[in-house]
Amino acid sequence: MCTCLFCIKNVAIEGRNTFMIIRPIKKKDNEAMKALIKSSLEKVGLAIPGTAYFDPQLDNLYGFYAQNPKSQYWVADMDGKIVGGIGI
């Protein structure tokens, strides 16, 4: 088992062992991240102008962050499902 900070073992999810991997975003993650961000903002009533909900970059987070070598976007991948992300 990997012990680095990028691999996290969680035994409390659905009564089974699962692994969450924090990794750089891939082009194939764009749709999942867009759906996750929009869904999260809708749940808390923030599907409004001025939030990430309407950012044009939301359609292509991979491309947006790839164009600047000083920026990075990571996703949380749990058993092949994108469950979170963060960009700097």
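One stretch to keep in mind is residues 1-12, where pLDDT stays under 50. The model does have 20 contacts beyond four places in sequence for that stretch, but where pLDDT is low, the predicted coordinates should not be read in detail.

On to the inside. Which residues make up the largest nonpolar core? There are 11 of them: Ile25, Met33, Ile37, Leu41, Tyr53, Leu58, Leu61, Tyr65, Tyr73, Val75 and Ile82. At least two residues of this core come from each of α1, α2 and β3, and α1 gives the most, with three.

Let me pick out Val75 from that list. Past its neighbours within four places in sequence, Val75 is in contact with Ile21, Ile22, Arg23, Pro24, Ile25, Asp29, Met33, Ile82, Gly84 and Gly85. Among those partners, Ile25, Met33 and Ile82 are core members too.

Now the surface. Val44, Leu46 and Ile48 make a nonpolar patch of about 240 Å². Leu46 sits in the loop between α1 (30-43) and α2 (61-66). Its relative accessibility is 35%, so Leu46 counts as partly exposed. As background, nonpolar side chains in soluble globular proteins tend to be buried together.

Asp79 has a positive phi, near 55°. Most residues other than glycine have a negative phi. Where is Asp79? In the loop between β3 (73-78) and β4 (81-87). With a relative accessible area of 46%, Asp79 is partly exposed.

Terms used:
Residues are numbered from 1 along each chain as its sequence is written. This is a predicted model: local features need pLDDT of at least 70, side-chain atom pairs count only at pLDDT 80 or more; totals for chains, interfaces and linings use all residues. Side-chain values use heavy atoms; hydrogens and water are left out. Patches are made of residues with over 30% relative accessible area and no salt bridge: like charges are joined within 9 Å, nonpolar side chains (Val, Leu, Ile, Met, Phe, Trp, Tyr) within 5 Å. Accessible areas come from the Shrake-Rupley method with a 1.4 Å probe; for residues, only the protein chains shown count as cover. A salt bridge is a side-chain nitrogen of Lys or Arg within 4 Å of a carboxyl oxygen of Asp or Glu. Helices (H or I, at least four residues) and strands (E, at least two) are DSSP runs, numbered from the N terminus. Buried means under 20% relative accessible area, exposed over 50%, partly exposed in between (1.4 Å probe, protein chains only). pLDDT is the predictor's confidence in each residue, from 0 to 100. Contact means heavy atoms within 4.5 Å. A nonpolar core is a set of buried Ala, Val, Leu, Ile, Met, Phe, Trp, Tyr and Cys residues joined through side-chain atoms within 4.5 Å.
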